[in-house]
Amino acid sequence: MNTSTSENNLQDTATPKPDILHRLSPGEQEQLRAYIDHIIREKTDGIEELYQAIAMIAKYIPRFVLIPLMVDHIRPAIAAGVCRHMGIEQSAGYANDLPLEYFSEVSKHLDDVTMAGVVGRMKKHQAEKFIHYELQHHLLHMFEIAEHLDERMLSIIARHVTLPEHSDDLLEHPHRELIRRIRDKQ
């Protein structure tokens, strides 16, 4: 793995880098990154194939059996890994039946484009519940997903979000274009 991939992996963990890393020379930092990458590759070898196998098996397990098993015994990060191998349509079907809080946690482990696809294919009522929940609890996460949603879904967001009254408040906001589109729908 190259340095930028290692940096991205460290950023994806949402864990701050220890200060001691900044005290290491660039060469020492690179050696440490290479060592960490090696350990990660060793410990996760075969995990994507496992996710693929679970996704294939899940097709044959009735949802009324699978959903409670997922919620009780599968961590959201693992469920997200399986979801990546299911495809959007199948993932949306399961998302409709998952408890809102659990699905919210799963969504944190999926990329924004995939999440937009899943939300866009969910039943309207379930998608609206998810959007409302995310706007209340994880606003920036919902905005990241919303960047990839269609106009129909943005209309749902517009009904549930309160935006600042003055556009001057948003001059430096990273989602100002999205906010403008949402505001146009209000």
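Is Glu30 buried, partly exposed or exposed? Glu30 is partly exposed, with a relative accessible area of 29%. Here, buried means under 20% relative accessible area, exposed means over 50%, and partly exposed is in between (1.4 Å probe, protein chains only).

**Before you start clicking**

You're looking at a predicted model, where local features need pLDDT of at least 70, side-chain atom pairs count only at pLDDT 80 or more, and totals for chains, interfaces and linings use all residues. Residues are numbered from 1 along each chain as its sequence is written, and side-chain values use heavy atoms, with hydrogens and water left out.

**Stop 1: the whole chain**

Switch to a cartoon view. You'll find 13 helices and zero strands. Helices (H or I, at least four residues) and strands (E, at least two) are DSSP runs, numbered from the N terminus. Of the 186 residues in the protein, 34% are buried.

Now colour by pLDDT, the predictor's confidence in each residue, from 0 to 100. The mean for the protein is 87, and 88% of its residues reach 70 or more. Among the elements, helix H1 (residues 3–12) has the lowest mean pLDDT, 51, while H8 has the highest, 97.

The protein exposes about 11600 Å², and carbon and sulfur atoms supply 55% of that. Accessible areas come from the Shrake-Rupley method with a 1.4 Å probe; for residues, only the protein chains shown count as cover.

**Stop 2: helix H3**

A salt bridge is a side-chain nitrogen of Lys or Arg within 4 Å of a carboxyl oxygen of Asp or Glu. Arg33 is buried, at a relative accessible area of 12%. Why can these two meet? They are three residues apart in helix H3, so about one helical turn separates them. An α-helix has 3.6 residues a turn, so residues three or four places apart point the same way.

Next, select Tyr35, Ile36, Ile39 and Ile40: together they make a nonpolar surface patch of about 340 Å². Patches are made of residues with over 30% relative accessible area and no salt bridge; like charges are joined within 9 Å, nonpolar side chains (Val, Leu, Ile, Met, Phe, Trp, Tyr) within 5 Å. Ile40 sits in helix H3 (residues 26–44) and counts as partly exposed, at 36% relative accessibility.

**Stop 3: helix H8 and its cover**

Select residues 100–107, helix H8, where Tyr102, Phe103, Ser104, Val106 and Ser107 are buried. What covers them? The cover includes helix H5 (63–73), helix H6 (76–86), helix H7 (88–97), H9, helix H10 (124–137) and H11.

From here, hop to His141, in helix H11 (residues 139–146). His141 is buried, with a relative accessible area of 18%. Leaving aside neighbours within four places in sequence, His141 is in contact (heavy atoms within 4.5 Å) with Ser107, Lys108 and Glu134. Lys108 also forms a salt bridge with Glu105, the closest N and O atoms being 2.8 Å apart.

Then try Gly117, in helix H9 (residues 112–121). Gly117 counts as buried, at 13% relative accessibility. Draw a C-alpha to C-alpha distance from Gly117 to His148: the two are 31 residues apart in sequence and 8.1 Å apart in space.

**Stop 4: the core**

The largest nonpolar core has 43 residues, and those with the most contacts inside it are Val119, Leu149, Ile157 and Ile182. Such a core is a set of buried Ala, Val, Leu, Ile, Met, Phe, Trp, Tyr and Cys residues joined through side-chain atoms within 4.5 Å. Centre on Ile157: apart from neighbours within four places in sequence, Ile157 is in contact with Ile131, Leu135, Met142, Ala146, Leu149 and Ile182.

**Stop 5**

Finish with Lys185 and Glu151, whose side chains meet in a salt bridge (2.7 Å, N to O). Lys185 lies in helix H13 (residues 176–185) and Glu151 in helix H12 (residues 151–160), so the pair ties together parts 34 residues apart in sequence. The structure holds nine salt bridges.
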